[in-house]
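Please look over the chain below. The report that follows goes from the overall fold to a few local sites.

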Amino acid sequence: MSEIELRNVGKSYGSLSVLNDISLDMSSGEFVVLVGPSGCGKSTLLRMIAGLEDITAGEITIGGKIVNDMPAKERDLAMVFQSYALYPHMKVADNMSFALKLAGVSKAEISRRVTDAAEILGLEHLLGRLPRELSGGQRQRVAMGRAIVRDPRAFLFDEPLSNLDAKLRVKMRGEIKKLHQRLGKTTIYVTHDQTEAMTMADTIVVLNGGKIEQMGPPLELYRNPRNLFVAGFIGSPEINLLKGVVDGGMLRLADGTRLPLPSGTHPVQGRSVVYGIRPQHIRLSDEGIAAGIALVEPTGDTQEVTLRLAAADITMVLGDDPPLLPGAQVRIGIDPANVLLFDEASGERLQ
């Protein structure tokens, strides 16, 4: 049985429609990530599930009960925001327990829950500190602890790592995933960072312009994107997209360069298509296509190489050996099995 269900949910502000016909089933214990560019409606959708925004159309069901008109406090959900929203005058233990005190939970039970949450999050030695005495990562863990002590039906995260530096984001990403594995609660997580989505999700929901473009397991979206938007949004570095024309079973670029097409596809001769190949699927090849190196970015054990091909820049990811230099000429090979083709006019994937 689905823990949280959305059926044809929509949201409008007057004549402005921001979400359209959203239908989702989230199973008990599932980690669902809502991902998309700024303004796509992902945070609005999360707030509608939480009861912080009214819905305009459709229905939301939690635990088998329709909650369209149910106030947020009765939905048994705990939300962690981008801003930590801690009470500055309260110590960590009081911040974590405040909602329980308002609910009339006994002191003994509050103490037990705070102690358990602090142990899970490594906050035991910080319970007597004020928020101003904590780092950003510690404050975010306190915000998570405040959600955990409530023992909710599900957790909602609204871009909780956006205010942290890159190294701390990676660490906190792992902590949230371990927390989910330990507690086994349904989790809905909003982010614009596709790397967060790929590494954390059981199911990714890609939103764009208020509608769902595609949803499914991370690797399914990576390997089989439905359209150009999903292909371009999922994957790092970003997929290479080249426009060309089908010509004699090959793709002909503007300068006459010819690229192999995937087997099993039979696009019409002369059709304008977009040719997608991920940076990880391009290799050096003595018998390959000539390209010039425009930029080399060493990342440690790999190097991201920007190549100039047919008046366009494409990216290739290689190991650190051999080291490449800007200005050099190389030849590259492309395995047709890894090529994705899209119709240039509609953006839809060609199967």
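Helices and strands here are DSSP runs, numbered from the N terminus; a helix is H or I with at least four residues, and a strand is E with at least two.

## Overall build

This is a predicted model. The protein chain holds eight helices and 19 strands. Its C-alpha trace spans about 75 × 45 × 35 Å along the principal axes. Of the 351 residues in the protein chain, 48% are buried.

## Helix 2 and its end

Helix 2 covers residues 92–102. Its buried residues are Val 92, Asn 95, Met 96, Ser 97 and Leu 100. An α-helix has 3.6 residues a turn, so residues three or four places apart point the same way. The cover over the buried residues of helix 2 includes helix 3 (107–121) and helix 4.

Just after helix 2 comes Gly 104, with a positive phi of about 80°.

## The nonpolar core

The largest nonpolar core has 42 residues. Met 96, Met 144, Ile 176 and Tyr 189 have the most contacts inside this core. Met 96 is also one of the buried residues of helix 2. In soluble globular proteins, nonpolar side chains tend to be buried together.

Leaving out residues up to four places away in sequence, Tyr 189 touches Phe 31, Val 32, Val 33, Leu 34, Phe 157, Pro 160, Leu 161, Ile 176, Glu 196 and Met 200.

## The largest pocket

The largest pocket has a volume of about 510 Å³. It is lined by 18 residues, and Leu 77, Met 79, Phe 81, Ala 99 and Arg 150 are the closest to its centre.

Strand 6 (77–80), helix 2 and helix 4 (136–148) each supply at least two lining residues. Helix 2 gives the most, with four.

Which strand holds Asp 158? Asp 158 lies in strand 7, residues 154–158. Asp 158 is buried yet has no salt bridge. The nearest side chain of opposite charge is that of Arg 47, 5.7 Å away. A salt bridge needs a side-chain nitrogen of Lys or Arg within 4 Å of a carboxyl oxygen.

Setting aside neighbours within four places in sequence, Asp 158 contacts Ser 43, Leu 46, Met 79, Val 80, Phe 81, Gln 82 and Val 190. Two of these, Met 79 and Phe 81, are also listed among the residues closest to the centre of the largest pocket.

How values were computed
Residues numbered from 1 in each chain as written. Predicted model: local features only at pLDDT ≥ 70, side-chain atom pairs only at ≥ 80, totals over all residues. Heavy atoms only, no water. Buried < 20%, exposed > 50% of the residue type's maximum accessible area, 1.4 Å probe, protein only. Lys, Arg positive; Asp, Glu negative; His and termini not counted. Contact = heavy atoms within 4.5 Å. Core = buried A, V, L, I, M, F, W, Y, C linked by side-chain atoms within 4.5 Å. 1 Å grid on protein atoms, 1.4 Å probe; cavity = no way out; pocket = protein on both sides within 12 Å on 5 of 7 lines; lining within 4 Å. Points joined across faces, edges and corners; volume = space filled by probe spheres on them.
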